[in-house]
Amino acid sequence: MNNKIVITGLGIVSPLGLGKDKFWQSLISGKNSIKKIKNFNTRQYRTHHGGQVPSFSLQKYIQNKKNKMGSVSKYAVAATAMALKDAQLKPRDISTKKIGVFIGTTLGEAQDFNKIVSVYRKNKGLKIPLSLIRNIPTNSIPNNIAKTFDLKSSNLAFLTACSAGNAAISAGFELIKAGKLDLAIVGGAEAFSLQKFAGFNQLGAVATRKCQPFSRNRQGLILSEGAGILIIESEKLARQRDAYIYGEILGYGASCDAYHLTNLDPTGEGIIRAYKDLFKSIKISKQKIDYINAHGTGTIDNDRIEVKALKKLFGKKIKQIPISSIKSMLGHSMGAASAIEAIACALVINQGVIPPTINYESLDPECDIDCVPNNARYQKVNIALSNSFGFGGNNVILAIGAYSA
Amino acid sequence: MRSFHKGALITGIGIVSSLGIGKKIFWSNFKKGKSGISQKICFKNSLPKSKKAGWINKINFDYYLKKQNSRYLSRSVKLLLTAVSLALKDAKIKNNQKLDMGIILGEAVGTLSTQFRLTHVNQTEGPNFVSPIEFANALNNSMASQVAIKNGIKGFNLTISSGFSSGLDALGYAAMMLNNKRIKKAIVGASEALSKELWEGFNALGLLKKSRQAKNKSKNSISALNSQSGGICLGEGAAILVLENQADYNKGRNNALAQIIGWGNAFGGGAQAMKRAMILAIQDAEVKAEDVDCCFMGSNKDTKQELHETRAIKDVFLSNKKLMVRSIKSLTGECYSASGPMQCAAGALAIANNFVPPLLNKQQNRKSQVINTVLINSCGCDGNNSTIILRRVK
C-alpha cells in the first residue's frame, strides 16, 4: 500500500497544439489559442470566440481506419495514443498488464446527440444512424479507448462536470493503490457542442473575446475543447520497465458545495472542505505547496470565491505561492480542463517553469494574489496543486509532487 | 489478490420500482413473484409496438419530497430523491450525520430526456430560449448534485458511467472508498426513468423486437428470465443503498443487512469478459466459487447476452451444484444502471431473510434456507461487465 503512484506518459490534444512538446512550448511562451470559431455558425450566440483544436487525422495516431467515433472519443483516443507512446509502453506490456481506462467528461458526445435530435425532428424517429446512438452513452469514450488499444480491464466515465478530469485521475490513483490495476489511462475529454454554447450563453458566464482570470476587467470564461491523458502506474512497475517518471500523484481531496447547480458556494466553504480532505490524505503541510494551478475560469464570482477560499486556507502565505490559470490561454474545456491542467502541473514540476496567466491587465483587490501575470517564471516546484470546481459544486483538488526514488 | 471490501456494510435500502415503493413492499412482492410489468404503456406518438414495461404508475412524489421543491426536477431525479429519503430513513441516519457522507451514483441514461429537450429547444427556437436551469439539469452529474443540495451532504460526490453496469460499479467503487477510509458513510445507487426518447432509442437499436431465434435459444439457457424472452422489456426505478464503514459502525444499531466483500469488472464481448468479472470479484472477496449460494443474473432478455452469461456462470460455478440463479429483471424490467443496485438490494434482503424467491412463472422450492453469499452480475450490450459479492455480516 505504500507504493507510490507515478506519472509516466502524457498525451494532449488542445487548442494550443497536439502533443506535449508543442503544448508546453506554447504554454510557457504565453500563447493565446482563443480564436473566432469556424466549426459552426455562432451568429445567435453572445460569444464568437473559443479554443478550437486544430484539425487532425486520427489515422496518424492509430491503425484502425474504420471508426465511427464521435469527436470527444477521437480527441481522447489520439491523446491516449500519444500518452502510450510517451510512456514507451510496448504491446507486450499492454496485453499482459491490468490496464484501466478512466475518462472525465461533462456531456459526452453532445455533437452526435445534436445530430440525432436533428434527424429525429425530420424523420420522426426513423432512420437514426445506429453509430450515432451507440456514441450517446458517456462511457462510449473510455470504451472506444479500450477497443482501440485492446484493453480488457475496468473502464469508466467520470461525470463531475468541470472537475471530471481530476475525478478520473483520482479513480486511477485509488484503483492502482488498491492493487486492482497495474496501470491506468486517466484524463478527460470534451468537444465543442451547440448545447454547451447555448447553456453558457444563457447563464451569462461567457466573455466575448478573451479570458482574463483574476484581472479586474474580466468578463467571463471562454469555451474550448480538447483531451488530456496521463499514464499512471505503480512506482514498482515503472521502475521495473525503466520508464521515465514525470512526477508522483500524491493524492487528492474532494467535496461537494451542496449549494447550487451552477453557482459556487460564495463562502468558499466547499473548496476549503476539499483542501482539508486533501491535506488529511496526503499528510503534507500546506507550507510545502510551491504552486497552485487555479481553476481560474475568468468569471467575476468564481475567481473571487476561489481566492477567498485560498486566503482562508493559507493566510498570509498565499501571496508567496504562485497561482496561475492556464485557462487564460486555452479557454475552459470543461471535462478535459482539469486533466490538461494536471499535465501542465506535471510539466511544471519536470521543467521548473510556471506558465503565466495571460491577458492580465489590472488588479482586482479581491484577487490580490501572485497570478504570474503575463510572463512565465522559472522556479523550482516540488509540489503543485491543481484546483477544479464543477457545476453542482463538485470540487476535486489534485496534488502532484516531484518524484524521488 | 487481497480483499478491499470487507468493511462496507449495507445499512439502509431505498427502492422505488414497479415492484413496489420501499424495501418492505418490494421484498414482499419479490417473494410472491409478483410482476411489476405493465401491459399498457404507450408514449404519445411513439413508434415501438411493444407496450410492456416496468412502469411506476402510482407514485405521489409530493408525499415523499414534501420539504423539497420538486417542480423543476426531472422524473429520474424525483425517483432518485425518493429512494434517497427512504434509504436514509431505513438506515436511521440523522440530519447531523449527513454532512460528511459520500454520494456515488451510477448513470447510464439518467439525464437523457432533459438533454433531448434542451437540444430540441436550441434547434427549434434558438439559444436565447434555452433555460439555464434546464442546461444545469442536463449535465450528467446534476442528479448526484441534487441529492447533495436537497440533503445538505458535503462529502465526496461522484457520478460514474459504465452503461448498464454503472450502478454496480458505483457500489464497488464506494465499497473500496469506504475500506480505504476516504469516507465513513455513503449514499450509493442509481436512478433511471422511462421516456419516449429512450423507448425509441432502444427500438432503433432493435433491442425491443421479439425474434424467433430468441424463443428457440432461450430454452437452452439457464433462463433466469421469462422463457418467452426475446427483446428487452424496459423498466424504470431507483435503488439506493446506504453503505457504512465497518470500523466506524456502532454495532448497537444492529441494522446491517449484508456486506459487500468483492468487486470485479471487465470489458469485452462474449462470455469471457463476464467470466473474468466474476472471477475477479470472487478473488477480491477471498471466497471460493463453491461458497456462493445464489447468483443474480445481469441479462435482460437480450438472448445473445443471456447465452453468454449462462456459459460464463456454468464455467465459473462448474463444481457448485447448490447454486441458485435468479434475476429480478423479469419482475421489474431492465432499469439500466438502476438494475444492479436493485439486484444488490434483493441480494441483501435474501441474505437477511434467508430466502431466495423463485423465478417468475417457475414452480420451485419456496422453503427458507441459509443464504450466506450472493453474487450479482451486471452486463451491458457495450461490453462492460461488473460483479459484486455480498456476504452475511459477521
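Modeller: In chain A, helix α1 (residues 20–28) packs against helix α13 (residues 337–351) at an angle of about 75°, and their axes are 11 Å apart. Axes here are lines fitted to C-alpha atoms, for helices over the stretch in contact, and angles run from 0 to 180 degrees between N-to-C directions. Helices (H or I, at least four residues) and strands (E, at least two) are DSSP runs, numbered from the N terminus. The angle makes α1(A) roughly perpendicular to α13(A); angles under 35 degrees count as roughly parallel, over 145 as roughly antiparallel, 65 to 115 as roughly perpendicular and the rest as oblique. On the α1(A) side the contact is made by Lys20(A), Phe23(A), Trp24(A) and Leu27(A), and on the α13(A) side by Ile340(A), Ile343(A), Ala344(A), Leu347(A), Val348(A) and Gln351(A), where contact means heavy atoms within 4.5 Å. Eight of these residues are nonpolar, one is polar and one is charged. In this scheme Ala, Val, Leu, Ile, Met, Phe, Trp, Tyr, Cys and Pro count as nonpolar, Asp, Glu, Lys and Arg as charged, and the others, Gly among them, as polar.

The model is predicted: local features need pLDDT of at least 70, side-chain atom pairs count only at pLDDT 80 or more, and totals for chains, interfaces and linings use all residues. Residues are numbered from 1 along each chain as its sequence is written, chains are lettered from A and ligands numbered from 1 in the order in which they are written, and side-chain values use heavy atoms, with hydrogens and water left out.

Helix α13(A) also packs against helix α7 (residues 164–177) of chain A, at an angle of about 65° and with the axes 5 Å apart. Here Ala164(A), Gly165(A), Asn166(A) and Ile169(A) of α7(A) meet Ser338(A), Ala339(A) and Ala342(A) of α13(A). That contact divides into four nonpolar, three polar and no charged residues.

Chain A is divided into domain 1 (5–240) and domain 2 (251–401), with bounds from an automatic or database domain assignment. Their centres, taken over C-alpha atoms, are separated by 21 Å, and 64 residues of domain 1 are in contact with 64 residues of domain 2. The two domains bury about 4,700 Å² between them, 68% of it on carbon and sulfur atoms; buried area is the accessible area (1.4 Å probe) that two parts lose on being put together, summed over both. Trp24(A), Phe214(A) and Arg218(A) supply 19% of the area that domain 1 buries against domain 2, more than any other three residues. Three salt bridges are counted between the domains, a salt bridge being a side-chain nitrogen of Lys or Arg within 4 Å of a carboxyl oxygen of Asp or Glu.

Turning to the two chains, the contact takes 70 residues from chain A and 65 residues from chain B, and about 5,700 Å² is buried between them, 61% of it on carbon and sulfur atoms. Five salt bridges are counted between chain A and chain B. Arg182(B) pairs with Asp277(A) in a salt bridge, with the closest N and O atoms 2.8 Å apart. Glu269(A) and Lys154(B) also form a salt bridge (3.1 Å, N to O).
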